[in-house]
Amino acid sequence: MSQEVVVYTRPGCPFCTSLRAGLRREGLEFTEVDIWQEPEAAAVVRSIADGNETVPTVVVGSWSAVNPQARAVLEAVAEHAPELLPEQRPSVVRGALNALGFSKSKDSTHG
């Protein structure tokens, strides 16, 4: 079974922006899903966030969290899907460029 890191977001969410930047800084690939564009995604988030559409919500295999820090996501990936961890952490400069969106990122955005 192929696993992935799924980050549920919505436009204009500062917590989503912060989490995306933190994950990119660490070189972690993820799939981003806009809950305003995909009703099924909003339903997933409600099922995790006690009926609320609180984002960012992250799913890694059987693990999920509402508004986690990047470090918590990386720890969850290490435990639940270690094959998804980057082989090495990007350099400080590359990580900063990734976080700012100036480097090619392999995450995919739906919507």
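Some ground rules before the structure. Residues are numbered from 1 along each chain as its sequence is written, and side-chain values use heavy atoms, with hydrogens and water left out. Because the model is predicted, local features need pLDDT of at least 70 and side-chain atom pairs count only at pLDDT 80 or more, while totals for chains, interfaces and linings use all residues.

Overall layout, then. The protein has 4 helices and 5 strands. Both are DSSP runs, numbered from the N terminus: helices are H or I with at least four residues, strands are E with at least two. Along the sequence the pattern reads β-α-β-α-β-β-α-α-β. The protein has 111 residues, and 41% of them are buried. Buried means under 20% relative accessible area, exposed means over 50%, and partly exposed is in between, with a 1.4 Å probe and protein chains only. Now contacts, meaning heavy atoms within 4.5 Å. Take those with a separation of 6 or more: 63% of them come from residues 24 or more positions apart.

Start with strand β1, residues 5-9. How many of its residues are buried? 5 of the 5, so β1 is largely enclosed by the rest of the structure. In a regular strand the side chains alternate between the two faces of the sheet. Here, Val5, Val7 and Thr9 point one way from β1. Val6 and Tyr8 point the other way.

What does β1 pair with? Two strands pair if DSSP finds at least two bridges between them. On the antiparallel side, β1 is joined by 4 bridges to β3, residues 57-60. Val7 sits opposite Val58 there, and Val5 has Val60 as its bridge partner in β3. On the parallel side, β1 pairs with β2, residues 31-34, again through 4 bridges. Val7 has Glu32 as its bridge partner in β2. Between β1 and β2 the chain passes through helix α1, residues 14-25, and this β-α-β crossover is right-handed. In other words, with the strands pointing away from the viewer, the path from the first strand over the helix to the second runs clockwise.

On to β3. Both of its faces are covered. Thr57 and Val59 are buried on one side, Val58 and Val60 on the other. β3 also pairs with β4, antiparallel, over 4 bridges. Thr57 stands opposite Val66 of β4. The β3-β4 hairpin has 2 residues between the strands, and Gly61 takes a positive phi near 60 degrees.

Now the backbone exceptions. Most residues other than glycine have a negative phi, and most peptide bonds are trans. Which peptide bond is cis? The one from Val55 to Pro56, with omega near 0 degrees. Pro56 belongs to the loop between α2 and β3. Asp50 is in that loop too. Asp50 is not a glycine, yet its phi is positive, about 50 degrees. Asp50 is exposed, at 74% relative accessible area.

Asn67 also has a positive phi of about 50 degrees without being a glycine. Its loop runs between β4 (63-66) and α3 (70-80). At 35% relative accessibility, Asn67 is partly exposed.

Thr54 is partly exposed, with a relative accessible area of 32%. Leaving out residues up to four places away in sequence, Thr54 touches Val45, Ala49 and Val66.

Last item: the second largest pocket. Rolling a probe the size of a water molecule over the atoms shows where empty space is left. The search uses a 1 Å grid over the protein atoms alone; a pocket is an open set of points where a 1.4 Å probe fits, with protein on both sides within 12 Å along at least five of seven lines, and lining residues have an atom within 4 Å of a point. This pocket holds about 160 Å³ of space. Its lining has 12 residues, with Glu4, Val5, Glu29, Phe30 and Leu84 nearest the centre. By class, the lining is 5 nonpolar, 3 polar and 4 charged.

Note on methods. Points joined across faces, edges and corners; volume = space filled by probe spheres on them. Nonpolar A, V, L, I, M, F, W, Y, C, P; charged D, E, K, R; others polar.
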